[in-house]
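Biologist: Could you take me through this fold before I set up my own calculations? I would like to begin with the sheet and then turn to the core.

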Amino acid sequence: MFGFGRRPIRKLDFVVAGAQKSGTTALNYYLKRHPQLALPIKKEMHFFDNDDLFAGGNVSYAPLYEMFRPARANSIAGENTPIYLYWRPALPRIRHYNPAMKFIVILRNPIERAFSQ
């Protein structure tokens, strides 16, 4: 409530990725309300699919962590950028960043997706 016992985020534990119109925004809405989960201020950070950040080889993760408010000490941190599922360089970058990263993948039937559009 007052920020006591909160710490800066220094490692992400999970990533939400998925197809368009598959419910990633709704899932993000509900995950943000869980007291033990830390999510960034902005829904889609596009960190691991930003080629400019990874161009030099020596990646600074400071911009990633700046998007998070300090969280409870026992919080699990994650972010929601659906395109990671399809952006080929994103997956090896995520694996290099945290080999134990958990993925929440949301898929949708492409025929249902076409009708909903």
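This is a predicted model: local features need pLDDT of at least 70, side-chain atom pairs count only at pLDDT 80 or more; totals for chains, interfaces and linings use all residues.

Biologist: Understood. In what order do the four strands of the sheet run?

Modeller: The order is β3-β5-β2-β6, in an open sheet with parallel pairing. The edges are held by β3 and β6 (residues 102-106); each has a single partner strand, so one side of each is left without a neighbour in the sheet.

Biologist: And which helix packs on the sheet?

Modeller: Helix α1 does, and it touches β2, β3, β5 and β6. The direction of α1 makes about 155° with that of β2.

Biologist: Let us look at β5. How many of its residues are buried?

Modeller: Strand β5 spans residues 76-80, and four of its five residues are buried.

Biologist: How many bridges does β5 form with β2, and how many with β3?

Modeller: With β2 (residues 14-18) there are three bridges in the parallel sense. With β3 (residues 37-38) there are two, also parallel.

Biologist: Which residues of β5 face Phe14 and Ala38?

Modeller: Phe14 has Gly78 as its bridge partner, while Ala38 stands opposite Ala77.

Biologist: Now the core. Which residues of the largest one touch the most other members?

Modeller: Those are Leu12, Phe48, Tyr61 and Leu64, in a core of 21 residues. Elements that each supply at least two residues to this core include β2, α3 (62-65) and α4 (90-97). The largest share is that of α4, with three residues.

Biologist: What other core is there?

Modeller: Another core, of five residues, lies apart from the largest one; Phe14, Val16, Leu39 and Ile106 are among its members. As a general point, nonpolar side chains tend to be buried together in soluble globular proteins.

Biologist: Back to Phe48. What is it in contact with, if neighbours within four places in sequence are left aside?

Modeller: Its partners are Leu12, Phe54, Tyr61, Leu64, Glu79, Tyr84, Ala90, Arg93, Ile94 and Tyr97. Phe48 has a relative accessible area of 0%, and is therefore buried.

Biologist: Several of those belong to α4. Which residues of that helix are buried?

Modeller: Ala90, Arg93, Ile94 and Tyr97 are the buried residues of α4. They cover an arc of only 100° around the axis, and so they lie on the same side of the helix.

Biologist: What do they pack against, and what sits on the opposite face?

Modeller: The buried residues of α4 pack against α2 (51-54), α3 and β6. The face turned away from them carries Arg95 and His96, which are exposed.

Biologist: Changing topic: how many aromatic pairs are there, with ring centres within 6.5 Å as the cut-off?

Modeller: The count comes to eight aromatic pairs. In one of them, Phe48 and Phe54, the ring centres are 6.3 Å apart and the planes are at 35°, so this pair is tilted. Phe54 is buried, at a relative accessible area of 14%.

Biologist: And how do the rings of Tyr61 and Tyr97 lie?

Modeller: Their centres are 4.8 Å apart with planes at 50°, so that pair is tilted. Tyr61 lies in the loop between α2 and α3 and Tyr97 in helix α4, so the pair ties together parts that are 36 residues apart in sequence. Both Tyr61 and Tyr97 are buried.

Biologist: Which residues do the ring pairs link into a cluster?

Modeller: The cluster consists of Phe47, Phe48, Phe54, Tyr61, Tyr84 and Tyr97.

Biologist: How far apart are Gln20 and Pro82?

Modeller: They are 62 residues apart in sequence, and their C-alpha atoms are 7.5 Å apart in space.

Terms used
Residues are numbered from 1 along each chain as its sequence is written. Side-chain values use heavy atoms; hydrogens and water are left out. Buried means under 20% relative accessible area, exposed over 50%, partly exposed in between (1.4 Å probe, protein chains only). Two strands pair if DSSP finds at least two bridges between them. A nonpolar core is a set of buried Ala, Val, Leu, Ile, Met, Phe, Trp, Tyr and Cys residues joined through side-chain atoms within 4.5 Å. Contact means heavy atoms within 4.5 Å. Axes are lines fitted to C-alpha atoms, for helices over the stretch in contact, and angles run from 0 to 180 degrees between N-to-C directions. The arc is that of the directions from the helix axis to the C-beta atoms. Rings of Phe, Tyr and Trp (its six-membered ring) pair if their centres lie within 6.5 Å; planes under 30 degrees apart count as stacked, over 60 as edge-to-face and the rest as tilted.
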